[in-house]
Amino acid sequence: MAIQLQQAGIRDIVILERADAVGGTWRDNRYPGAACDIPSNLYSYSFAQNPNWSRSFSGSGEILDYIHYLVSHFNLAPYIRFKQNVTGLNFDENAGLWHASIEGGDTVRARAVVMAQGPLSNAIFPDIAGLEKYKGHTIHSARWDHDYDFSNKRVAVIGTGASAVQIIPELVKQAGFVKVFQRTPGWVLPRPDFETPEWNKALFRKFPGTQDALRKALYVTHESMALAVIWNSPLTRIAERIGRLHLRRQVKDRWLRRQLTPDFRIGCKRVLLSNDYYPALQQPNCKLVTWPIDRLSEQGIRTAEGIEHQFDCIVFATGFDVCKTGTPFPITGLGGRALHDEWARGAQAYKSINVAGYPNLFLTFGPNSGPGHNSALVYMESQLDYAVRGIQKILDEDLKMLDVKADAQAAHNKAIQARLANTNWNSGCKSWYLTEDGHNVTMYPGFATQYALQMRTLDEADYRRTPMAGG
Ligand SMILES: Cc1cc2nc3c(=O)[nH]c(=O)nc-3n(C[C@H](O)[C@H](O)[C@H](O)COP(=O)(O)OP(=O)(O)OC[C@H]3O[C@@H](n4cnc5c(N)ncnc54)[C@H](O)[C@@H]3O)c2cc1C
């Protein structure tokens, strides 16, 4: 966002970051095996490509290095204020200014605010009875304890989602014994991960057009995956067949295979990519436990059939608070309205980015902007361009308020929800994409290209513009 604002000539920017370093997701998720599951040539910005990715799917350390490179190359450090935990946003409609409250009592005022607090930045522990009773060591995947020595330890992993399938193969190499507690098996597809040869990096450096071409090819390939993952099509059947073949090839034991066979349509939950998860589960020091967890005890985990499993350490690969029915902190808009209340039954916005009654506020990864099949950064770039256009308008036209109209927002959401009804996400499984009522407020029901097209224009007719007094 800061790069794009800077390039549009807007330099009166402040970035408020609660941590003491940049990196977001890739600063926090440093567990063993952490890596992206979108090829790095697509999981990077089109305006700042990196010819030096070491593999097709880079690890978190390398992505973090890329973020550090962006900060230094685009000279972003002067804008960043660390250890600034934003605890609330309040719009002063007389002045046309947002007031951001910072933990500790400070306030920052701004003509416009971009919410970039991350879709997956608040780690959560599951709602399991006795969580506070357990006396051993606990680690959340997004807050890894790098000082803990796993050797000879009895370790539990709770969760079998995207982080768990990366952690388990590494833990099995380090720990004495690993038990994996699975609630629902996911679809696992092979991961086409290769080291990038030196000649390839040299080619990208010498002829950047070749990297552009690869990025475009990867983009189109991922777009075509929407047909398998988002909607129920013949490609969905093919993707499921690949998943079943992968399982059959890697797991010979019939009982285990049955435990690992998903009972929902592929795409309904996030598709997992791994070549070493199934082999890790079959190592002599690893066991899959499929009995539901009843409670945590002082020593470990008690499962529903009454067995207590004792552990030195429990790893929670249990994901994030995705904030589907509320806001990460109180946001007060026109006339004292509270976004938390308005979103109590499910978040909604206009084109995922603006909310009626909250002028001059732009959301990244707002409601229904989530990708299921393509790079988050492709969606992010469209959001950044859109926010720049909006902010430019506020400044150029000296607007007190640029506020999306409630009816435009309602029409947008009606169309989105109608399109979601026919997607695999809404086909009956329980996932973090849905609210408790089964309302999908996270995912965008279409191709990334459609998303980008809708974000290309800021349609003035859909906005109410209020000039500054005397403007
Ligand atoms: C383990 C993992 C793997 C992933 N892999 C992929 C992938 O392969 N492909 C993909 O497309 N996406 C992936 N994602 C999604 C990923 O979150 C996004 O791709 C992207 O990193 C989001 O970037 P962001 O800047 O919006 O948010 P983040 O990277 O989460 O950054 C948000 C920042 O805001 C700060 N912050 C939050 N709240 C406050 C507050 N109240 N006050 C001040 N600062 C605050 C946080 O400290 C953080 O630094 C993955 C996510 C995780 C967790």
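Colleague: How do the residues of the shell around the ligand divide into nonpolar, polar and charged?

Modeller: The shell has 13 nonpolar, eleven polar and three charged residues. Ala, Val, Leu, Ile, Met, Phe, Trp, Tyr, Cys and Pro count as nonpolar, Asp, Glu, Lys and Arg as charged, and the others, Gly among them, as polar. This is a predicted model, in which local features need pLDDT of at least 70, side-chain atom pairs count only at pLDDT 80 or more, and totals for chains, interfaces and linings use all residues. Residues are numbered from 1 along each chain as its sequence is written.

Colleague: Which residues come nearest to the ligand?

Modeller: Of the 27 residues around the ligand, the nearest are Gly-24, Cys-36, Gln-117, Gly-118 and Ala-376. A residue is near a molecule if its C-beta atom, placed from the backbone, lies within 6 Å of it.

Colleague: What makes the protein chain as compact as a globular protein of its length?

Modeller: The chain comes to 13 helices and 20 strands; these are DSSP runs numbered from the N terminus, helices being H or I of at least four residues and strands E of at least two. Its radius of gyration is 23 Å, close to the 23 Å that the globule rule gives for 471 residues, so the chain is as compact as a globular protein of that length. The radius is taken over C-alpha atoms, and the rule is 2.2 Å times the number of residues to the power 0.38.

Colleague: Why are β5 and β17 said to stand at the edges?

Modeller: The open sheet has the order β5-β4-β3-β17, with mixed pairing. β5 (107-110) and β17 (331-332) each have a single partner strand, so one side of each is left without a neighbour in the sheet. Two strands pair if DSSP finds at least two bridges between them. Between β3 (residues 86-92) and β4 (residues 97-102) there are six bridges, and these strands run antiparallel. Asn-90 stands opposite His-99 in β4.

Colleague: Which hand does the crossover from β8 to β9 have?

Modeller: β8 (residues 154-158) and β9 (residues 177-181) run parallel and are joined by five bridges. The chain passes from β8 through helix α4 (residues 162-174) to β9, and this β-α-β crossover is right-handed. That term applies if, with the strands pointing away from the viewer, the path from the first strand over the helix to the second runs clockwise. Val-155 has Val-178 as its bridge partner in β9.

Colleague: Which strand pairs with β9 over four bridges?

Modeller: β12 (residues 286-289) does, in the parallel sense. Val-180 stands opposite Leu-288 in β12.
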